[in-house]
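Good morning, and thank you for coming.

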Amino acid sequence: MPTRLLAGLGALLIVALPVLPGVPPFWLTLLTYAGLSAIVVTGLVVLTGVAGITSFGQAMFVGLSAYATALLTTQGGLSPWLSLPVALLLSAGAAWIVGAITLRLSGHYLPLGTIAWNISFFYVLGNTDALGRYDGLTGLPPITILGHPILGGGEALLLTWGFLGVCLWLTHRLLRSRTGRAIRALKGGVVAAESFGVDTARVKIVAFVYAALLAALSGWLYAHIQRAINPTPFGINAGIEYLLMAVIGGAGAIGGGVFGAVLVTVLKDQLQNVLPLVFGAQGNFEAIVFGILLVLMLQRAPDGLWPLIVRRSVAAPPARGPAAQPLASRPAASPGTMLLEAASLRKTFGGLVAVNDIGFTVAAGEVVALIGPNGAGKSTTFNLVTGVARLSAGAVRLAGRDVTGLPARRIARLGCARTFQHVKLVAGMSVIENVALGAHLRGSAGPVRGALGLDAAEEAALFAEADRQLARVGLSACRDLPAGGLALGQQRIVEIARALCLGPQLLLLDEPAAGLRHQEKQALGDLLRRLRQEGLGILLVEHDMDFVMGLADRLVVMNFGAKLCEGAPATVRRDPAVIEAYLGSAA
Amino acid sequence: MDATILLLLLQDGVVNGAIYALIALSLVLVFTVTRVILIPQGEFVAYGALTLASLEAGTLPGTVPLLLGLGGLAFLADCAEARHSLDGRTLLRLGLRDLVLPALVAAAAWILAPMKPGLLIEILVTLAIVTPMGGFLYAVAFRPLAHASVLVLLIASVGVHLALTGLGLVFFGAEGSRTPPLSEASFPAGPLLVSGQSLWMIGLTLAIIVALWLFFSRTLLGKALIATAVNRLGARLMGIAPSLAGRLSVSVAAFIGALSGVLIAPLTTVYYDTGFLIGLKGFVAAIIAGLASYPAAAAAAILVGIIESIASFEASAFKEVIVFMAIIPVLLWRSLRSAPIEDEE
Amino acid sequence: MTQPMLEAETLSVAYGRVEAVRGVSLTVAPGRLVTVLGANGAGKTTLLNALMGVLPARGRILFEGRDLTRLPIEARVAQGLSLIPERRELFATMSVEDNLKLGAFRFRHTARGKDGGGDLGEMYRLFPRLAERRRQQAGTLSGGERQMLAMARALMGRPRLLMLDEPSLGLAPLIVAEVMRMVARLRDEGVAILLVEQNARAALQIADHGYVLDGGSVVLQGDSRTLQGDARVVETYLGSLSVDEALPGRTASGR
C-alpha cells in the first residue's frame with residue numbers, strides 16, 4: 001500500500017474516532033498515549049534509523065520537559081503555551097551537552113551514556129523535594145485552545161495526533177532538505193560526508209537535538225493532558241520501550257515509528273491485562289514479551305514490520321525543474337595554474353614507512369596519474385593529500401595555500417573534490433540526492449529552514465546543478481533509482497558526478513576504472529578528457545595501465561612507498577624498473 | 001567526616017569495588033570477544049544470589065526450569081546453525097551439551113535442595129545452574145546476530161536484559177532475599193573491624209583474576225579467546241569458530257556474575273531486579289577503561305566502589321546519580337583526545 | 001587423470017548487485033601448484049575468499065568430493081583447507097609463538113595440539129627468523145617476517161590445500177624469491193597450492209597450471225609454460241597499448 005494512502009486513512013480514522021458513536025473512551029485514551037509515544041519515536045527514527053545513532057534515554061528528555069512545564073505552570077503561573085518554548089529549549093540544551101560529550105566517540109558510548117543518565121535522572125526526580133519526590137507534581141493546568149480547555153477524551157486525542165501530524169510533516173521536510181541529506185549521508189560513511197564539507201559531528205548533534213525536541217514536545221503534551229506527573233513514565237524502561245517501538249515498527253521510515261508506537265502501546269495494554277492472570281501475580285511481566293520480541297525482531301526482521309506492509313521504495317526525490325537562480329560557481333583556474341603541490345610526503349605506521357618522500361604537482365588542465373603495484377602506497381598518498389590520513393612529515397599546498405594537517409572538510413572548501421576506491425554512496429538514497437550531496441557547500445540552508453520548507457529556491461538550484469552534473473556524466477536515466485541498485489561501474493560514475501557538484505578546480509579520483517568493463521572505461525576516459533579541456537586539474541590513482549597510458553599527461557610511479565620514476569607515459573612505459581615492478585622480476 | 005569514618009568508607013568501597021571489578025572484567029571479556037555489550041550481566045548476579053537463597057531455604061530454585069528451557073531453545077538454535085552438516089555425532093554432542101547437562105544439573109539440584117547440604121555444596125550447585133545459561137543465551141540470542149553492528153547487538157542485549165528481569169520476577173517473585181555470610185568471623189585491624197565476609201570477597205576476586213590470567217596466558221583455549229578478540233577473521237582461519245569463543249566468553253561471564261551474586265547476597269537484600277544497577281556500576285568501570293583493558297577496568301571498579309561508598313555517606317539518596325555522573329569526565333576526556341574522523345567497520 | 005582435490009563449479013560472488021566473480025570454474029589436483037593471475041579488481045581475492053567461505057558464493061565447491069559450498073570457514077579448516085589472506089590477519093598483539101600455537105588450534109583435542117607437537121620446532125627450523133622473534137609481538141614484525149609468520153601459522157594446521165593471496169605483496173624482490181621457493185617446496189612435499197599473485201613471472205615460474213581472470217571471469221587458462229609466453233598475460237598487466245614496448249623490456253630485464 002502506498003504510504004500517502006495509509007497516512008490519509010490513518011488521519012481520517014483518528015478524526016472519525018471521537019465522533020463515532022460507541023467508541024469506548026478507554027480506546028481514545030490509549031490512542032492518545034500511542035500518539036504521545038509516536039512523537040518521541042519519530043525523533044528516534046531520525047536518530048536511529050537515519051543517522052545510525054541510538055539512545056535509550058529519550059524518556060529523560062520527555063521527563064525534563066514535563067517537569068519543566070509542571071513547575072512553570074503550577075508555581076510560575078505561566079500558561080502552558082508560554083512554558084512550551086522553555087521546555088523545548090531545556091531539552092534541546094540538555095541534548096546538545098550530552099551530544100557534545102559523547103557523539104565524537106564510537107557508536108556505543110552514546111547509548112550506554114543515555115542509560116546511565118536516564119537512571120540518574122529518575123533518581124534525581126524521585127529524591128528531590130521540590131519535584132515532589134516519587135509522588136510527583138499535581139494540579140497542572142490543561143492546554144487551552146481559544147479559551148477552550150482540552151480535558152482528555154476525543155479532544156486530547158485530536159490535539160495529540162494533530163501535533164504528531166505536524167511533527168511528521170516537519171520530519172519529512174527535514175529529511176529531504178540539505179541538512180537531511182547530510183544526516184542520511186552518515187550511513188554512507190563519515191569519511192565520504194566529510195569529504196564534501198559536511199561537519200559530521202555537528203550533523204549528529206543536530207539529529208540528536210531534533211530527537212530531543214520531539215521528546216520534549218511529547219512530554220509537554222503528556223504533562224498537560226495527564227495534569228499530574230511522577231517519575232515512573234520517565235525511567236529507563238520507558239526509554240527502552242521507545243526504542244522497542246522504533247525497532248518493531250521499523251526505524252528506517254517515518255511511518256514505521258508511528259506504526260510501532262501504536263502497536264506496542266496496544267500490545268502493552270493487552271499484556272498487562274493477560275499476563276498477571278497467567279502468572280498469578282502482579283508485576284510488569286510484559287517486559288519478558290518485549291525483551292523476546294526485541295531480540296526476535298532484530299534476528300528475523302531488522303528493518304521492522306513497516307516495510308512488510310508498505311511497498312519498499314526510496315522516497316521520491318524532488319522533480320526535475322529549472323532553478324530561478326543557478327548556483328554561484330567557482331571560476332575555473334587558468335590553464336597551467338598550479339593547483340596541487342605535494343612535497344616530501346611521508347607516512348609511517350608504527351615502524352613501517354608506508355609513504356617515503358613523495359612529491360608531485362598537478363596543474364589546471366592536466367591529468368596526472370599515480371600508479372604502481374598493489375601495496376606501493378598509492379592509496380595512502382591519496383589519503384594524505386585529501387586530509388583523511390595525517391602526514392608524518394611533508395607539506396601539501398592547494399592553489400598556493402598551505403593545507404597541511406587540515407581536515408578533509410576544510411580541504412573540500414578549497415575546491416578539491418574526490419571519489420573513493422571503495423564506492424561510498426548512500427545505498428538507500430536516490431542517485432540524484434547522492435549527487436546533490438556533492439553541492440553541500442554551495443548551499444547554506446540549515447535544519448530550521450529545511451524543516452519549515454523555506455529552502456525551496458536553494459533546493460531547486462542545488463538539484464538543478466545535480467541534474468546538470470548527472471547529465472554531464474550521462475547517467476540522467478538513473479536519476480531516481482536507489483544508488484545501491486546500480487552496477488559498480490555506474491556507481492563510480494555517480495561518484496564523479498557528486499564530485500563535480502562541488503564545483504571543483506581539482507578532481508582526485510581513486511581507482512576510477514577498477515571493476516569497469518571495457519566500454520565503460522572508454523566512456524570514463526572521454527569524460528575525463530572533456531573535464532581536462534574545461535580546465536580541471538585531475539589526479540588519479542590507478543592500477544589499470546591501459547587506461548592510464550592513453551589518458552594521463554604525466555605519470556608518477558610508486559613502489560614500496562617511494563617514487564620509482566616520473567614522466568610522460570611513453571617514457572615511463574619503457575622504463576625497465578617499471579616493467580619489473582609490474583610483471584615481477586624473474587626470480 | 002573523620003579519619004576513622006573515611007577508613008571505614010574506603011574499606012566498604014574496596015569490598016564493593018571488588019564485585020564491580022569482577023563484573024567489569026567479564027564485560028570487557030565479552031565485549032572484546034563478541035562485540036556484545038552484555039547488559040544482562042547484572043541478571044546473572046541476581047540469579048546467583050537468589051538461587052543460593054532458594055537452596056538455603058531448601059526449595060528448588062526457579063532458575064532450574066529456566067535452565068532447562070534455555071537448554072532446549074539452545075538445542076534448537078544449535079541444530080538450526082549446524083543444519084548443513086548435521087550428522088548423528090553432532091546431534092549427540094549438541095544433545096549432551098544442551099539437554100543432558102542441564103538435566104543432570106537440574107536433577108542434582110532437585111535431589112540436593114531439600115537436603116540443605118550446607119553452604120559450600122549450595123554455592124557449587126548455584127554456579128552449576130547459572131553458568132551454562134551464559135552459553136545458552138549466546139546461542140539463542142546473540143549468535144544469530146553475529147554479523148550485526150555493535151549497536152544492534154547492544155539493543156538485542158537490552159532485550160535479553162528485559163526478558164531475564166521479567167523471568168526473574170516470575171521465578172523468584174517480588175520479595176528480596178539475603179543469605180548468611182560465608183564467614184561470621186571478624187578481625188580487628190587498627191580502628192576497623194574487618195569481617196570474614198569481606199576477606200572472602202577480596203580473596204575470591206583476586207583468585208578469579210589470577211585464574212583468568214592463567215587461563216589467558218597458559219591455555220590454548222584462553223589464547224583462542226584473545227585471538228578472536230584481536231582478529232576475528234584471523235581466528236576463524238585457524239579454525240576458531242566465533243560461536244565457540246562467544247559461548248565460552250558469555251559462560252565465563254555468567255560464572256563470574258553468579259559468583260558475584262553469591263558474594264553480595266549476605267551484604268544486601270537482593271531482588272529480582274537488583275542486578276541491573278550492580279551490573280551498570282560494573283559498566284561504569286568498564287567504560288572508564290574504554291571496554292578494552294582488564295587492569296584499567298579492575299582499577300576503575302575499585303574507584304567506583306569508593307565513590308559509591310563516600311557518596312552514600314554524604315548524600316545517600318543521590319549515590320546512584322553521583323556514581324553514574326562519574327563517567328562524564330571520562331567520556332569528555334576520551335572525546336577530546338579521540339582520533340580524527342574515521343569510518344567504523 | 002587424477003581425481004581433483006578442489007573443484008569449483010560456476011562460482012559467482014556478488015557484493016549487493018555487483019558481481020565480482022562470475023561463473024568461475026577451476027580445479028586443483030592433489031600435489032599441484034595452481035596460480036590465479038589477473039589485474040586489480042579482476043576478482044582474484046574474492047575468488048579465494050569464496051573458496052574459503054569468507055564470502056558466500058553461488059555455485060558449488062567440492063573438496064575431495066565433499067560439498068563445502070555452505071560450510072562455514074571453520075568447517076573448511078577442519079577439512080584441511082587453509083587460506084593466507086592478503087592482509088595476513090595475524091594476531092598483532094600476541095607473541096609470534098602464540099600465533100604459531102593457535103595455528104594448530106584444530107588439533108587441540110589431540111596430542112599435537114598440546115604445544116604444537118613437533119611442528120613448532122619444525123617451523124623454527126624452516127623459518128629461523130621466527131625463532132629469534134618468538135617472544136616478540138606479531139605486530140612489530142617487518143613485512144617479510146609477517147609473511148613468514150603467516151605461512152608458518154598456516155602450516156601449523158597441516159593444510160592439505162593451501163591458498164595464498166598475494167604473498168609477494170609489499171615484499172622486496174629478494175624476499176619474494178625466498179617466499180616463492182618456500183611455496184614450491186611445499187608443493188614438492190605434497191601440499192596442493194592455489195596461489196593468487198600479481199607477480200606474474202614469479203608465480204608462473206613455479207606453478208604447474210594457471211588461470212587468468214578478467215572482469216570476474218576466467219579468460220585464459222593453461223599450462224604455466226604456455227601462459228608464460230602468452231602475450232595476453234602481459235597485456236593484462238601492462239595494458240594493450242604497451243605490449244609492443246613491454247616485450248623488448250622483458251628482454252632487457254634479463255630474459
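Helices, as I use the word, are DSSP runs of H or I that are at least four residues long. With that in hand, consider residues 109-126 of chain A: the span is 100% helix and 0% strand, and its end C-alpha atoms lie 26 Å apart. What we are looking at is a predicted model.

That span belongs to a list taken from the UniProt record. The unreviewed entry annotates "transmembrane region" at eight places in chain A, namely residues 31-53, 60-78, 84-102, 109-126, 146-171, 205-223, 243-267 and 274-298.

A word on confidence. The mean pLDDT of chain A is 87, and 96% of the residues reach at least 70. Among the elements of chain A, helix α3 (residues 58-74) has the highest mean, 95, whereas helix α23 (residues 576-583) has the lowest, 71.

How is chain A divided into domains? The assignment gives domain 1 (29-309), domain 2 (337-415 + 504-587) and domain 3 (428-501). Between domain 2 and domain 3 of chain A, the C-alpha centres are 26 Å apart. Their contact involves 12 residues of domain 2 of chain A and 10 residues of domain 3 of chain A. On the domain 2 side, α15 (408-413) and α20 (518-533) of chain A are the elements that give two or more residues. The largest share comes from α20(A), with four residues. By type, this side of domain 2 of chain A holds eight nonpolar residues, one polar and three charged.

I turn next to the strands. Chain A has an open, mixed sheet of six strands, in the order β10-β11-β12-β7-β13-β14. Its edges are β10 (416-418) and β14 (562-567) of chain A, each of which pairs on one side only. From one strand to the next, the twist averages 15°. Helix α14 (residues 378-385) of chain A lies across β7 (367-371), β11 (506-510), β12 (537-542) and β13 of chain A, and runs at about 150° to β11(A).

Strand β5 (residues 338-349) is joined to strand β8 (residues 393-398) of chain A by five bridges, and L340(A) has L398(A) in β8(A) as its bridge partner. β8(A) also pairs in the antiparallel sense with β9 (residues 401-402) of chain A, over two bridges. Here R397(A) stands opposite D402(A) of β9(A). Two residues lie between the strands of this β8(A)-β9(A) hairpin, where A399(A) adopts a positive phi near 45°.

Finally, the contact between chains B and C. How many residues does each chain bring to it? Chain B contributes 17 residues and chain C contributes 25 residues. On the chain B side, α8 (220-230) and α9 (232-237) of chain B each supply at least two residues. The greatest contribution is that of α8(B), with six residues. This side of chain B divides into 10 nonpolar, five polar and two charged residues.

How values were computed:
Residues are numbered from 1 along each chain as its sequence is written. Chains are lettered from A and ligands numbered from 1 in the order in which they are written. This is a predicted model: local features need pLDDT of at least 70, side-chain atom pairs count only at pLDDT 80 or more; totals for chains, interfaces and linings use all residues. Two residues are in contact if their C-beta atoms, placed from the backbone, lie within 7 Å. Ala, Val, Leu, Ile, Met, Phe, Trp, Tyr, Cys and Pro count as nonpolar, Asp, Glu, Lys and Arg as charged, and the others, Gly among them, as polar. Domain bounds come from an automatic or database domain assignment. Two strands pair if DSSP finds at least two bridges between them. Axes are lines fitted to C-alpha atoms, for helices over the stretch in contact, and angles run from 0 to 180 degrees between N-to-C directions. UniProt positions are given in the numbering used here, feature names are shortened, and annotations may be inferred rather than shown by experiment. pLDDT is the predictor's confidence in each residue, from 0 to 100.
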